[in-house]
Each structure stands twice: as C-alpha cells, then as structure tokens.
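Reader: I have a model open on my screen. Please show me how to read it, one feature at a time.

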Amino acid sequence: MRTHRSTRILGSLLLVAAAGISSFAAAPAPEATRPSVTPLGEVVPAPLKAEAGGAGYQITAKTRIRVGDGNPDERRVGEYLARVLRPSTGYKLPVTSGEGSDGIRLRISAEPANKVLGNEGYRVISERGSLTITSWSGAGLFHGVQTVRQQLPAAVEKKSKQRGPWRIAGGTIKDMPRYGYRSTMLDVSRHFFTVDQVKRYIDQASLYKMNKLHLHLSDDQGWRIAIDSWPRLATHGGSTQVGGGEGGYYTKAQYKEIVAYAASRYMEVVPEIDMPGHTNAALASYAELNCDGVAPPLYTGTAVGFSSLCVKKDVTYDFVDDVIRELAAMTPGEYLHIGGDEAHSTSHEDFVAFMDKVQPVVAKYGKKVMGWHQLAGARPAKGAVAQYWGYDRTGAAEREQVVNAAKNGTKLVLSPADRSYLDHKYTKDTPLGLSWAGLVEVRRSYDWDPGAYLQGAPADAVMGVEAPLWTETLSTSAHLDHMAFPRLPGIAELGWSPAATHDWDAYKTRLAAQAPRWDALGIGYYESPQVPWPAK
C-alpha cells in the first residue's frame with residue numbers, strides 16, 4: 001500500500017535541498033546565532049515541485065507587504081501574514097496597495113500559470129529583493145503563505161520579538177493539492193470545547209493546508225448547537241458531558257463566529273448532527289422523540305449504539321426538518337453531515353426508511369448529504385458522500401457495500417480508524433485515547449495511500465481524507481495537542497501531496513523539523529521514538 005519515490009525523484013529532491021542551502025547569500029550574523037535556512041520545499045505537506053536557485057529573500061525592517069486594490073482576498077491574506085510576522089520580527093510590515101517590485105508581493109490572477117494549479121494551488125518565487133506569492137484564488141494565496149511560514153525560522157511563530165535574520169531560500173515552488181477535500185473533525189459532544197479552543201485548533205490545522213473542519217455537534221453525551229425551534233436540545237441536552245462535567249453549547253452567534261473564523265483561514269465548516277443513533281441528548285430533551293414517549297436520563301458514559309430516534313413517528317421528521325433548516329441557514333458550506341453510524345438500536349429496515357426521508361431534507365435546504373459509511377447500506381442520494389471509518393477488522397461485506405456505492409457514483413472521504421483516528425493511542429502506554437481499532441503510531445498513521453486503500457473502489461471516487469479527533473478521553477487543548485501532533489500533519493500530507501512524494505523515511509525527517517515550530521506555537525506534541533526529533 002505504501003508508495004515509494006523513484007530514484008530519480010529522490011535524487012532531484014536531494015539536489016534541490018543542497019541547492020537551497022548553497023544558493024543563499026552569506027549573512028553577517030555569527031554562525032552560532034544565525035538560524036539555518038530551510039531548504040526550499042522541505043515543508044509539510046511536501047509541495048508538487050520545488051526548484052532551488054539564486055539568492056533568496058530576507059525580510060527586513062524595510063519590507064512592505066504589497067497587495068492590489070482590486071481583490072479583497074489579497075488584502076485579507078496580506079493582513080493575516082503581517083499579524084503572523086510582526087510580533088517575532090518587530091518590524092512594522094505595512095500592508096500597502098502601492099506599486100513596487102520589492103517586498104512581499106501577493107497576487108491573485110487568472111493567468112494560465114495560475115489556472116493550471118487549480119483553485120487551491122499557488123506559486124512562490126523567492127529572490128533577492130522580493131518574495132512573490134501568486135494564485136488563482138484567495139485560498140491558494142493563503143496556502144502559499146503557510147508554506148512561506150515553514151520556510152522561515154521557527155522563531156517567527158513566537159509572540160515576542162526574536163533575533164533574525166528572517167531568510168527564505170531562493171527559488172520557485174509550484175504547488176497544488178492531490179485532493180480537494182482535506183479535513184479534520186473535532187468532537188465537541190463528548191467533551192465541550194469553547195469557541196477560542198476551536199479557533200486554536202483551526203489555526204493548527206490550517207497551517208498544514210487542511211480546508212475542512214467537521215464539527216461533531218451532537219451525540220449521546222451532549223447537544224452543542226442552539227436550535228430556536230427546539231430550545232431544550234441545547235439548554236438541557238447540552239448541559240453535561242462525559243464524566244458528568246457541565247458541558248456547554250454554542251449560541252447561533254458563537255457558531256457563526258466559528259464559521260467566520262474558519263473562513264478567514266479558508267476552511268469550510270461541515271456540521272454534523274448524528275442520527276438516528278447517537279441521539280440520547282436529544283431524546284432526553286424531548287420525550288416525544290422517543291417511541292414510548294418517555295425521556296431517558298442524560299448520559300455521561302462512553303458506550304455506543306443504545307439510542308435511536310423513533311423512526312415511525314411523524315414528529316421525528318418535524319424535528320429533523322427544523323434542525324437541518326436552522327443549521328443550514330447558518331452554514332455557508334456545501335455539506336451537512338447526518339451521521340448514520342452505529343445505529344444498533346435501529347433495524348436495517350427502519351434505518352433505510354429514515355435515510356430515505358432525511359436525505360431529501362438536506363437537499364431541500366440547499367446542502368449536500370454527508371454520512372458515515374453506513375449510509376452505503378441504505379440508498380445514498382445522488383451526490384451524497386460516504387465517510388469511510390472502517391479498519392483492519394471491518395468485515396468484507398461492509399467494505400463491499402462501500403465499494404459498490406462508490407462504483408454507483410457515491411463519493412468517498414477516507415478516515416480509516418486504524419490510520420487516521422487521532423484519538424487512538426500511540427502505544428499501549430499512552431495515557432489518553434482509545435484503542436478499539438488498534439494502536440496508531442505515527443508511521444502507521446502516515447504509511448497508506450488513500451487512492452489505493454479501498455480495493456475495488458474507483459480512484460476518482462475518493463474526494464479526500466479526514467483526521468477525526470474524538471474526545472471521550474480528551475477534555476483540554478493540551479489533550480488535543482498531544483493526540484493530534486504529530487499525526488495531523490501526516491494526514492494533511494496524504495491529502496495534499498502527490499502520491500510519488502509519500503515516503504516515510506523522507507517524511508519523518510521533514511516532520512522532525514516541525515518540532516521547533518510547535519514549541520514556538522505552544523503545541524505540546526507526542527515525541528514518538530519513530531521520528532528523529534532535533535535535540536533540545
């Protein structure tokens with residue numbers, strides 16, 4: 001399943017790295033205090049093409065960030081870049097629309113060289129006197145900025161003034177993603193996370209060019225989004241969490257704040273309301289959603305598969321319609337996730353009937369259906385996306401269902417539990433996390449090919465990948481950091497980089513070089529013995 005580079009590609013990248021070091025003009029700072037220059041393209045995710053050469057660019061007190069007058073995305077990305085660079089460099093870095101060939105230049109244009117790289121692709125040209133990032137879109141420009149951040153010394157991420165110089169190796173990077181859907185999921189239902197905590201996770205994921213944030217907003221343990229037509233969902237259903245904590249929920253204004261913040265990082269929020277199972281928080285909030293008309297108590301454990309909406313009641317579909325209508329109205333993205341996993345308390349017949357009724361509701365409010373891969377066992381709507389979370393012990397019949405759905409036009413997002421679930425333990429001694437799908441060390445998380453993972457599924461059915469972060473055992477940002485890093489960047493690379501660049505031995509070296517950046521950002525990561533981390 002692992003795809004190795006050819007000797008030619010590996011050799012060329014080594015030459016690129018060497019050229020990136022040797023082409024830079026000598027700096028006046030003493031060797032002991034001078035940060036090394038990151039070889040061009042030695043970033044995560046690996047770029048499509050990096051050609052080193054010439055003297056690179058150095059950010060100085062005279063640097064201006066130049067944007068055009070006609071495209072607000074240029075100024076938006078320019079102001080974002082300035083906010084990243086100002087604290088550590090101590091420079092003013094004015095964002096200006098004044099003409100000039102110097103400084104950091106951000107350009108969006110429909111020229112053929114940009115169009116060929118697609119909506120998220122970009123080019124970086126680093127040379128003496130200027131650094132130019134061009135793209136066809138704001139998203140591509142933003143992704144180019146993330147690459148430039150990683151080409152700079154890690155101290156650039158700190159919030160206090162640091163010693164430079166701030167140099168970027170000379171040459172050209174041309175880059176574009178392998179897949180258009182690159183996601184991470186944050187489960188805010190098992191444990192609730194505040195708006196600021198979610199924003200922090202968005203910033204971490206966007207550094208590695210993730211473009212979707214899947215928010216798991218409802219489950220047995222908590223309902224996390226205010227719904228005006230069913231207010232007790234949030235006030236009662238959101239009042240607790242795993243272990244019995246106080247829980248919480250997002251007001252509509254707070255949810256919109258998260259959506260807007262994600263959009264400022266060119267990420268799209270995909271909200272999930274899991275159903276017909278994983279619904280105890282809703283059932284506890286409204287007795288009429290239960291077949292017997294009796295509301296169960298709130299649940300703070302971690303078992304699954306025991307709850308179900310009453311499929312045969314009309315009020316169930318009034319409830320579904322209201323929730324989807326209100327959520328869709330707050331969500332500018334094209335997808336709405338309706339769950340569908342582990343509905344063990346719903347008969348197969350009822351599950352199919354439920355999905356037949358619910359999928360058209362999603363379409364009625366202008367969204368496309370996403371569901372966990374059990375959706376393939378029903379009748380997926382035209383344009384629906386099934387998210388595969390199976391693992392080594394998933395039965396052949398279940399896999400075949402998904403493959404057949406893909407052959408019939410259902411698109412797939414891959415998040416195999418024993419590869420991409422960030423909540424799983426690294427080793428048996430990992431204090432946090434679960435292990436029902438196995439142990440997931442860093443190499444196992446990285447060492448698979450999404451294009452060949454589901455044997456028999458058409459390669460063009462795969463839309464992309466996701467790294468889910470479930471939170472049964474995670475309740476703080478420090479917990480999220482420890483489980484997401486260093487695995488999140490690897491899933492991001494599988495979604496972005498060409499398959500030919502996927503090689504563990506090369507990747508682990510680039511991954512190790514990220515550690516000082518995480519230190520500077522305050523990200524507490526797991527120091528896997530599989531990775532050659534730099535000495536501290």
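Reader: Where does UniProt place the feature "active site"?

Author: UniProt positions use the numbering used here, feature names are shortened, and annotations may be inferred rather than shown by experiment. Here an unreviewed UniProt entry gives Glu 342 as "active site". Keep in mind that this is a predicted model: local features need pLDDT of at least 70, side-chain atom pairs count only at pLDDT 80 or more, and totals for chains, interfaces and linings use all residues. Residues are numbered from 1 along each chain as its sequence is written, and side-chain values use heavy atoms, with hydrogens and water left out.

Reader: Between which elements is the place of Glu 342?

Author: Helices (H or I, at least four residues) and strands (E, at least two) are DSSP runs, numbered from the N terminus. Glu 342 sits in the loop between β13 (335-337) and α10 (348-364).

Reader: Which residues is Glu 342 in contact with, leaving aside its neighbours within four places in sequence?

Author: Contact means heavy atoms within 4.5 Å. Beyond those neighbours, Glu 342 contacts His 278, Val 304, Gly 305 and Trp 389. With His 278 there is also a polar contact between side chains, at 2.8 Å. A polar contact is a pair of N or O atoms within 3.5 Å; within protein, one must be able to donate a hydrogen and the other to accept it, and residues adjacent in sequence count only if both atoms are side-chain atoms.

Reader: Into which domains is the protein divided?

Author: Domain bounds come from an automatic or database domain assignment. Here they give domain 1 (49-175) and domain 2 (181-502). Their C-alpha centres lie 35 Å apart. The unreviewed UniProt entry also annotates residues 179-498 as "domain: Glycoside hydrolase family 20 catalytic". That stretch is 34% helix and 13% strand, with its end C-alpha atoms 9 Å apart.

Reader: How much area do domain 1 and domain 2 bury between them?

Author: Buried area is the accessible area (1.4 Å probe) that two parts lose on being put together, summed over both. The two domains bury about 1100 Å², 55% of it on carbon and sulfur atoms. Glu 120, Phe 142 and His 143 supply 39% of the area that domain 1 buries against domain 2, more than any other three residues. In contact terms, 16 residues of domain 1 meet ten residues of domain 2.

Reader: How many salt bridges are there between domain 1 and domain 2?

Author: A salt bridge is a side-chain nitrogen of Lys or Arg within 4 Å of a carboxyl oxygen of Asp or Glu. The count between the domains is one. Glu 120 and Arg 182 form a salt bridge through their side chains, at 2.9 Å from N to O. On the side of domain 1 that touches domain 2, α2 (72-89) and α4 (138-151) are the elements that give two or more residues. The largest share, eight residues, comes from α4.

Reader: How many salt bridges does a search of the whole structure find?

Author: The search finds 30. Asp 102 and Arg 66 form a salt bridge, with their closest N and O atoms 2.9 Å apart. Asp 102 lies in the loop between β4 (95-96) and β5 (103-108), and Arg 66 in strand β3 (residues 65-66), so the pair ties together parts 36 residues apart in sequence.

Reader: Which residues does a cis peptide bond join, with omega about 0°?

Author: Gly 164 and Pro 165. Pro 165 is in the loop between α4 and β8 (166-168). Phe 485 and Pro 486 are also joined by a cis peptide bond, with omega about 20°.
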